[in-house]
Structure formats: structure tokens, C-alpha cells
Amino acid sequence: MPAGPRPSVLFVTDLAYEARGRRYCDEDIYLTSRLREEFDIALCHPGDAAALLDGFDAVVVRNSGPVLHYREAYDAFRARARELGVRVYNPLNGRADMAGKQYLVDLSRARYPVIPTVDRAADLGLLPAAAEYVVKPKLGADSAGLRFIREAALPESADGTLLVQPRIDFRYEVSFYFIDRDFQYALYAPHPERRWVLEPYGPSAADLAFAGRFVEWNGLDHGIQRIDACRTVEGELLLVELEDLNPYLSLDRVAEPVREAFVTRMKASLRDLLA
């Protein structure tokens, strides 16, 4: 008996996007070459995604670059995907970076282990004393609009649009990578001044409990998430970012068996999404 048609997947990526210290295009060329083993794959730029959704069984959003560069097209994509009922990977109900950085304020208020964050002038007193503070747009990405100030300050006219955080003295940054709610691997930057020079990291049970807490909070049943944290000089892990839209995976920094296991798990996750 002949096999049935293979599921069709629209893979959204910006192969020309230039990121500091990373080659987004290489990662997506590799991933699509492997996904083609089980799915019919077509690639498109994020600016074209809304117009091309119809006719595909699912859409995978990968290294499509910061949304702030194509906000109108991204909003049109989300609206069109919901209108058509197309399955999107990651699903569009993520509560973290996918929806902006309000979650950092919310998690800080709820006393989760995150870098203390406020978005209103009236709340600046909630921040701990620090030698410097970081101010950045709530809808920013890739350090766009980020600046450092000596004293915690925020114009009242900017309430709700900017974030203020203390500049944390940390030993290193570490990222935990999950598919669905299953941990895959961890990488860290032992030299803080070289954020994307990553090495394999062996997480402790406490580390995995820390990262898993944020995966559970986000509540995505399918998809890829990267939990970025910093290790303070006191030894505590604090959340820096929960990337749930299009996290770069640094697959070139992991061993071949780890990379192979990741691809196998991603294929299974997509099959489950399409079931």
C-alpha cells in the first residue's frame, strides 16, 4: 500500500539576518535538511509568512530575527494563522519573549528568581542598590535601545514601555534548551565578555529545577524554549530571558550525539503537534 502524503511545513527564517557572534542561516540550513527526512519543507522570510500560510499543515518559526524589525508583518502573520487555524511551532500563546518583556516585571513581582525588574517610576524603590542600572525597551531585542545609567530613573512618560534592572555582577551566563517540556542540553559562556563563545555545561539537579520552573510557568505544550540565566558571584541563578519565539540554538556548539538527539526530539514534537 502506498504511503500517505507527507505533512507540509512552512519554515519561517531570515537567512540573511546578521547576528553578533552567530550564523543564523547555517543553523536553519542544517535543521531544514534534517526535517526534510520526514516533512515537505518550504522556507520563507518572516515578511512573507502571512501570505503563504494557506496550504501548509504547520508553520515552524525559527531564526527569523527580532520582531521589532518587521512588527506589522508579524502581527499580520499571527492574525492570519489564527484565522486559518494553522498549527504554529512555537504555538502563539507563549507568555514570555513572544509577548514582549512584561513577563520579567510580572515574575519579579511574584518573587521568582529573576533579575529584579520594574517598568514604572513609582516602583524604582523596589530595586536593590547597584552601582549601575540597565534601561531597555520592553519590546526590544538584541540589545536595541539598551543603555546604562548611574541611578535608577525612569521618566513617568515612559511608564509601561521601558524596563529598569540593576546591573548584576555575575560569574557567567548559562542557557538551558528544552523541546516541549523535556530538557535537551545546556551551554554556558565562561567568559562574560564573550556571550556567544559557548561551551557544554553539565547542569546540576538544582539547575534543572530552576530552568524547569520557568518552562512550567510558560505552559507551552509544544515548541522550543531557551532559558537564559546568570550565575551571580554569590552562586545564585537568576533568569535573564525566557526565549519562546525563535531562540537561537547554538547547535554548532554541541557534540554530534546531542545534536542528533535534538533533531530526533524535534521531529517527534512536530509529529505530535500535527497528530
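**Exercise 1.** In which loop is the place of Arg111?

*Solution.* Start with the ground rules: this is a predicted model, where local features need pLDDT of at least 70, side-chain atom pairs count only at pLDDT 80 or more, and totals for chains, interfaces and linings use all residues. Residues are numbered from 1 along each chain as its sequence is written, and side-chain values use heavy atoms, with hydrogens and water left out. Helices (DSSP runs of H or I, at least four residues) and strands (runs of E, at least two) are numbered from the N terminus. Arg111 then falls in the loop between H4 and S5. Next, look at its backbone: phi of Arg111 is positive, about 65 degrees, although the residue is not a glycine.

**Exercise 2.** Decide for Arg111 and then Asp180: buried or exposed?

*Solution.* Take the cut-offs first: buried is under 20% relative accessible area, exposed over 50%, and partly exposed in between (1.4 Å probe, protein chains only). Arg111 has 74% relative accessibility, so it counts as exposed. Asp180 has a relative accessible area of 8%, so it is buried. Asp180 sits in the loop between strand S8 (170-179) and strand S9 (182-189), and its phi is also positive, near 55 degrees.

**Exercise 3.** In what order do the three strands of the open sheet run?

*Solution.* Two strands pair if DSSP finds at least two bridges between them. The order is S6-S5-S7, with antiparallel pairing. The edge strands, S6 (147-149) and S7 (162-166), each pair on one side only. Finally, zoom in: S5 (residues 133-137) and S7 share five bridges, and Lys136 stands opposite Leu163 in S7.
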